[in-house]
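Colleague: I would like to go through this model with you. Could we begin with the strands and then turn to the helix?

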Amino acid sequence: MKFISKQGRSEKELKNLRKEIDIMRNLRHPNIIQMLDSFETDKEVVAVTDYACGELFQILEDDSSLPEEQVKLSYLS
């Protein structure tokens with residue numbers, strides 16, 4: 001589950017987030033994590049997805065790139 005705070009976000013940002021979640025809900029591709037469900041509380045938007053070991057954004061932010069062998073293995077899976 002990914003918890004996204006509503007605090008400090010404009011209505012436009014929240015509207016775009018909801019639109020992105022709707023798009024993700026309908027995507028079916030072996031290289032895109034599956035969106036299973038989503039819901040909102042007063043303070044958060046919660047996205048429920050298949051299990052993934054971390055986030056690609058965080059990996060790229062930490063390492064600046066993915067090792068070529070890892071990309072090849074992911075592509076061939």
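This is a predicted model: local features need pLDDT of at least 70, side-chain atom pairs count only at pLDDT 80 or more; totals for chains, interfaces and linings use all residues.

Colleague: Understood. In what order do the strands of the sheet lie?

Modeller: The open sheet is formed by 3 strands in the order S1-S3-S2, and the pairing is antiparallel. S1 and S2 are the edge strands, since each pairs on one side only. On average, neighbouring strands of this sheet are turned by 20 degrees against each other, direction ignored.

Colleague: How many bridges join S1 to S3?

Modeller: S1 and S3 run antiparallel and are joined by 4 bridges. Ile-4 has Val-45 as its bridge partner in S3, and Ser-5 has Glu-44 as its bridge partner there.

Colleague: And how many join S2 to S3?

Modeller: Here 5 bridges join the two strands, which again run antiparallel. Ser-38, for instance, has Ala-47 as its bridge partner in S3.

Colleague: Which residues of H1 are buried?

Modeller: The buried residues are Leu-14, Leu-17 and Ile-21. Their arc around the axis is only 55 degrees, which puts them on the same side of H1.

Colleague: Why would residues three or four places apart point the same way?

Modeller: An α-helix has 3.6 residues a turn, so residues at that spacing point the same way.

Colleague: Which exposed residues does the face of H1 turned away from the buried side carry?

Modeller: That face carries the exposed residues Lys-12, Lys-15 and Asn-26.

Colleague: What covers the buried residues of H1?

Modeller: The cover includes strand S1 (2–5), strand S2 (35–40) and strand S3 (44–49).

Colleague: At about what angle does H1 run to S2?

Modeller: H1 runs at about 155 degrees to S2 and lies across S1, S2 and S3.

Key. Residues are numbered from 1 along each chain as its sequence is written. Side-chain values use heavy atoms; hydrogens and water are left out. Buried means under 20% relative accessible area, exposed over 50%, partly exposed in between (1.4 Å probe, protein chains only). The arc is that of the directions from the helix axis to the C-beta atoms. Contact means heavy atoms within 4.5 Å. Two strands pair if DSSP finds at least two bridges between them. Axes are lines fitted to C-alpha atoms, for helices over the stretch in contact, and angles run from 0 to 180 degrees between N-to-C directions.
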